[in-house]
Amino acid sequence: MWSRGASMESWMKRSLFVNAGRRCRTCLQKLEIPRIIRSCLSFKNHDTMALALRGVSANAQVRRSTGARAGRALTVRVQAYGMKAEYVWADGNEGRPEKGMIFNEMRSKTKVFDEPLGLDASLYPDWSFDGSSTGQAAGNNSDCILRPVRVIKDPIRGDPHVLVMCEVFAPDGTPHPTNTRSKLRDIIDDKVLAEDCWYGLEQEYTMLQKTTGQIYGWPAGGFPAPQGPFYCGVGAESAFGRPLAEAHMEACMKAGLKISGINAEVMPGQWEYQIGPVGPLELGDEVMLSRWLLHRLGEDFGIVATFNPKPVRTGDWNGTGAHTNFSTKSMREPGGMKIIHEAVDKLSKTHIEHISQYGLGNEARLTGKHETCDINTFKHGVADRGSSIRIPLPVMLKGYGYLEDRRPAANVDPYTVARLLIKTILKGN
């Protein structure tokens, strides 16, 4: 036992050991723990040390013997790192006047756990945040609840750390008005599940200089060469911002998101990545998490990524969209072209409803120019990028497959896109 006559430090130095432990002083120096512990802590092998470095608590058995008589045992629990969980949510203000087109809607904060919890969202506790500081609550009742729904690996911090996508709930336990995921959940019934809906979203974005707000790679106070050389371009004269685009793709892959590709877009400084094919809830979760990763990596590169549907409104420059590919099981089977045409007919009848929820500022993008259909017009066509709904030529030739909704703006809520397509095509209203 430790006695008052001896210092705690000297007692620990004499007494602390792990069963038949073998010391590894070099490894011990790497631990970010108090010197009094580091100076006397021993691990019985490198495996134990590795567990501690990954955040698993190391338990050391402390014994003190006097002569032949064993003293009492004391267990000391040392937390080397623990696990960081980044709770991610959306404030619902993407593109709204309160924030403008530059500031994004993603929010997050870090919660530290003693030990890794894995990738099962049900193992993560609810948390809260100050909704009055995000525009989601009044100051006199500001606590909003974060409920984990999807957990992925954190590709920036590395194992065992994670990103936790959350739904937002009001203090009374009801879904917050900005919680569009809950509306999508509610519409998914047995009929929808039987149709096994697949989505693929083409997320376009534009890179901006952090300090000036000018499009990344554009000459100061001027414009680059006219559009033409930049789409899928290669070379310093054509591709602006590739390091960030590549880093983002790599991060999505490491995180386990279903990213299926990237490419430079028509306007210089504009890029696209694709998420899918995935189901409806997965579409929303993965697009939101991929957006968070893009913004987070932008911090490191000093680049702002904006989803402004029309970042340059003067001159001959393309807008920024989120074309959404959609199919049901019936569409993907032989003879599915009939189902696709029926879906297009239903979409023609709900055009106004969709347009009203397909992103803010979309009227500046959907002008009938630059590969768009006028916002007030609905039309479809095969291989027609000037249509509202495009049927790819390979789909027409095969007679089954999918359709592409070209109306959503880059800042569209992915949960809303998924819900509206289900509502119109499968629910018939």
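Student: In this predicted model, what share of the contacts with a separation of 6 or more comes from residues 24 or more positions apart?

Tutor: The model is predicted, and its chain holds 13 helices and 15 strands. Among the contacts in the chain with a separation of 6 or more, the share from residues 24 or more positions apart is 64%.

Student: Is C166 buried or exposed?

Tutor: A residue counts as buried under 20% relative accessible area. The relative accessibility of C166 is 6%, so C166 counts as buried.

Student: How many disulfides does the model contain?

Tutor: A disulfide requires a pair of cysteine sulfur atoms within 2.5 Å. By this rule, the number of disulfides is 0.

Student: How far apart in space are L294 and Y205, C-alpha to C-alpha?

Tutor: L294 belongs to helix α8, and with a relative accessible area of 1% it is therefore buried. Leaving aside neighbours within four places in sequence, L294 is in contact with several residues, including Y205, L244 and F307. Although L294 and Y205 are 89 residues apart in sequence, their C-alpha to C-alpha distance is 9.7 Å.

Student: Which residue caps the N-terminal end of helix α5?

Tutor: Helix α5 spans residues 180–187, and its buried residues are T180, R181, S182, L184 and I187. These buried residues pack against β6 (143–153), β7 (162–169), α6 (190–195), α8 and α13 (414–425). At the N-terminal end of α5, a side-chain oxygen of the capping residue lies 3.3 Å from the backbone nitrogen of R181; that residue is N179.

Student: Which residue in β7 stands opposite L146?

Tutor: Strand β5 (residues 127–130) is joined to β6 by 4 bridges, the two running antiparallel, and D130 stands opposite D143 in β6. The pairing of β6 with β7 is likewise antiparallel, over 8 bridges. In β7, the residue opposite L146 is V168.

Student: At what distance does the side chain of N104 reach the backbone nitrogen of M106?

Tutor: N104 lies in the loop between β3 (83–90) and β4 (106–113). Not counting residues up to four places away in sequence, N104 touches D91, E94, K99 and H295. The side chain of N104 reaches the backbone nitrogen of M106 at 2.8 Å.

Terms used
Residues are numbered from 1 along each chain as its sequence is written. This is a predicted model: local features need pLDDT of at least 70, side-chain atom pairs count only at pLDDT 80 or more; totals for chains, interfaces and linings use all residues. Side-chain values use heavy atoms; hydrogens and water are left out. Buried means under 20% relative accessible area, exposed over 50%, partly exposed in between (1.4 Å probe, protein chains only). A polar contact is a pair of N or O atoms within 3.5 Å; within protein, one must be able to donate a hydrogen and the other to accept it, and residues adjacent in sequence count only if both atoms are side-chain atoms. Contact means heavy atoms within 4.5 Å. Two strands pair if DSSP finds at least two bridges between them.
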